[in-house]
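Let's take a walk through this structure together. Have the model open and follow along.

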Amino acid sequence: MAQTAESLQPAKRKSHSLPYWVEPTFTVLALGLFGLYTLWLVFFQSSGQFHNYLSPFFSPTESWGIKVLPAIWVLWSPLLFRATCYYYRKEIYRGFLHDPMSCAVPEKRKHYFGETRFPFSWTNLHRWFWYVAVIVLVFLWIDAVQAFIFNGHFGVGLGSLIMLANVILLSAYTFSCHAFRHLIGGGSQKFTCADGRPTTRYKLWNRISAWNENHGTYAWISMFFVWFTDVYIRLLMHGVIHDVRFF
Amino acid sequence: MPEDITLSVFRGDKGGGDEVEYKVPMQTGMVVLDALHFIQAHDAPDLAVRWNCKAAHCGSCSAEINGSLKLLCKTRVDDYVGEVIHVRPMHTFPVIKDLVTDVSWNYDMLRQVPAFQPAIKAPFTLQQRDVDRIQEFRNCIECFLCQNVCHVLRDHSAQDRYWGPRLMIRFAELEMHPLDTGDRMELLKGAAGIGMCNITKCCTVVCPQGINITDNGIIPLKERVADVYWDPLGGLVRKMHK
Ligand code: SF4
Ligand code: SF4
Ligand code: FES
Ligand code: FES
């Protein structure tokens, strides 16, 4: 039998890890503040555009005749996409529901049904929100390209770079998703063609699996960057700061 | 003179018990299991501890050391210099005596998972890349630390509704086998209760074999269950492919 994982590694010295409540507290603060900021946008802001820069919270602007608050029109899908994300689920169950707060920390709640009943059973619909998220992503890429077009001419401003970084991070988050990993190849049982060569699905699955290892990191960074992008554009809109134009 | 370390070891049985303190002279490279053997040899010959390999291979010596779930034979005492080392039996399983717990429930459940159903008769040749995925799961040494930490079993005692992470990777190992023809989805969603897992990943954290239980086992299984029960469109596409 193969060597055990532990015996392959040099003995891990005692790590002075952070107290167990640090991670769930961070989750509650970060998601809580992000939620409040989003609500503020939904109810008190009607647009997020500064010339060719469009805030990701307000894209797409086209609503095809559907009448809702602009931010709601855009936000329901990324919100449900993130709320049903396997990574955020872990953070939410730990941070907000203390189910469990941290490993081997006793729980107070008596009744537990996991993801077997509504509303948590609906997390099984994650793949559907992924499909919608990909559509939204297409719009965000269009916005990012438009951020490089100033009055019909190519140009680069700090805002253009921020919007490009934003959409790259969102793509990394979206395409490192567990449901996508399953869809692209994880669901298949055989990875080898009749001629002994790897299947295309295998190659794709392998690539996505590597990205998937960092899915949690992409989840946080992309969330904070969306936030930052909106703040940047909003500050431009209100004339608090001026965009830096490189050329 | 070697330095003395203090161990506070649970002594008792299913009726209850308490921790008892012992002093043990520390030696270089000593693990907690060595210290317990010293106690057995010098202070308490009736101290019960289950072990076999002393090499993190047999999965017998699982216990709770200062609140962390570990193998006694792979936990060095010099990680705890200046501290009392509290050693307790696994919380989730009934204590038989001292550090020995009754883990037979896990084996009972394992027997209920329908075995490998190969498409062709053995012997057969498999490509390494087709079995890489399941070999990770076959590294399991059945220490049941993951079962012990899983809050569904540990805090909610829902053994009647969820079979636990070790069983989930047993399902994964069979379902992802390139030649398996079995269909365990109904069982997985029903009696085995995969929906009870809320992917909070403590099983992955404690696994001494470094098996990615949640990301590579449970989540892909949840997706397979979703294929069947939450995705009529995908089901149709798969039917047409067949
Ligand atoms: S991820 Fe699931 S199986 Fe693992 S410890 Fe958490 S609830 Fe239990
Ligand atoms: S999966 Fe890991 S923690 Fe669980 S029984 Fe196997 S080796 Fe132990
Ligand atoms: S698992 Fe996180 S986005 Fe799908
Ligand atoms: S004695 Fe075998 S795993 Fe510890």
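Let's begin at ligand 1. The shell of residues around it divides into nine nonpolar, four polar and one charged. Keep in mind that you're looking at a predicted model. Who sits around the ligand? Of the 14 residues there, the ones that come nearest are B:Cys150, B:Pro165, B:Cys197, B:Cys202 and B:Cys203.

Now step back and look at chain B as a whole. It is split into domain 1, running over 4-101, and domain 2, running over 104-241. How far apart are the C-alpha centres of these two domains of chain B? The answer is 31 Å. The two domains do meet: twelve residues of domain 1 of chain B are in contact with twelve residues of domain 2 of chain B. On the domain 1 side of that meeting, you'll find six nonpolar residues, five polar ones and one charged.

Last stop: the place where the two chains touch. Chain A puts 39 residues into this contact, and chain B puts in 41. On the chain A side, look for α1 (5-8), α4 (86-95) and α7 (178-186) of chain A, which are the elements giving two or more residues. Which of them gives the most? That's α4(A), with five residues. As for the kinds of residue on this side of chain A, they divide into 15 nonpolar, 13 polar and eleven charged.

Conventions: Residues are numbered from 1 along each chain as its sequence is written. Chains are lettered from A and ligands numbered from 1 in the order in which they are written. This is a predicted model: local features need pLDDT of at least 70, side-chain atom pairs count only at pLDDT 80 or more; totals for chains, interfaces and linings use all residues. Domain bounds come from an automatic or database domain assignment. Two residues are in contact if their C-beta atoms, placed from the backbone, lie within 7 Å. Ala, Val, Leu, Ile, Met, Phe, Trp, Tyr, Cys and Pro count as nonpolar, Asp, Glu, Lys and Arg as charged, and the others, Gly among them, as polar. Helices (H or I, at least four residues) and strands (E, at least two) are DSSP runs, numbered from the N terminus. A residue is near a molecule or strand if its C-beta atom, placed from the backbone, lies within 6 Å of it.
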